[in-house]
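Here is a short briefing on one structure.

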Amino acid sequence: MSADLQATVVIVDDEEMVLTSLDSFLTLETDYIIHTFLSPTEALEFVRDNDVSLIISDYLMPEMDGITFLGKVRE
């Protein structure tokens, strides 16, 4: 896949190990551009300013649950 057609994936989880594992796997196995966030608020800022193809979000996070986060992304 050429660089201008690469999908951008955002992963949000409050556990660093989960983010590291998913990032490592997707980086090794795909051509996706991966961005990881421990904070849903920081992820929202990134999504507002960038084109994102896919978001993977944890459901239970202390700052904001995944459903609320995805609802805010949709806004």
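**Nonpolar patch, ring pair and a strand residue**

V18, L22, L54 and I56 make a nonpolar surface patch of about 270 Å². The model is predicted: local features need pLDDT of at least 70, side-chain atom pairs count only at pLDDT 80 or more, and totals for chains, interfaces and linings use all residues. Residues are numbered from 1 along each chain as its sequence is written, and side-chain values use heavy atoms, with hydrogens and water left out.

**Patch**
- α1 (16-29) and β3 (54-57) each supply at least two residues of the nonpolar patch.
- Helices (H or I, at least four residues) and strands (E, at least two) are DSSP runs, numbered from the N terminus.
- L22 sits in helix α1.
- L22 is partly exposed, at 31% relative accessible area.
- Buried means under 20%, exposed over 50%, partly exposed in between (1.4 Å probe, protein chains only).

**Aromatic rings**
- The count is 1 aromatic pair.
- F37 and F46 form this tilted pair, 5.4 Å centre to centre with 45° between the planes.
- Rings of Phe, Tyr and Trp (its six-membered ring) pair if their centres lie within 6.5 Å; planes under 30 degrees apart count as stacked, over 60 as edge-to-face and the rest as tilted.
- F37 is buried at 13% relative accessibility, and F46 is buried at 16%.

**T8**
- T8 lies in strand β1 (residues 8-12).
- T8 is buried, with 11% relative accessibility.
- Leaving out residues up to four places away in sequence, T8 touches I33, H35, D51, V52, S53 and L54.
- Contact means heavy atoms within 4.5 Å.

Conventions
Patches are made of residues with over 30% relative accessible area and no salt bridge: like charges are joined within 9 Å, nonpolar side chains (Val, Leu, Ile, Met, Phe, Trp, Tyr) within 5 Å. Accessible areas come from the Shrake-Rupley method with a 1.4 Å probe; for residues, only the protein chains shown count as cover. A salt bridge is a side-chain nitrogen of Lys or Arg within 4 Å of a carboxyl oxygen of Asp or Glu.
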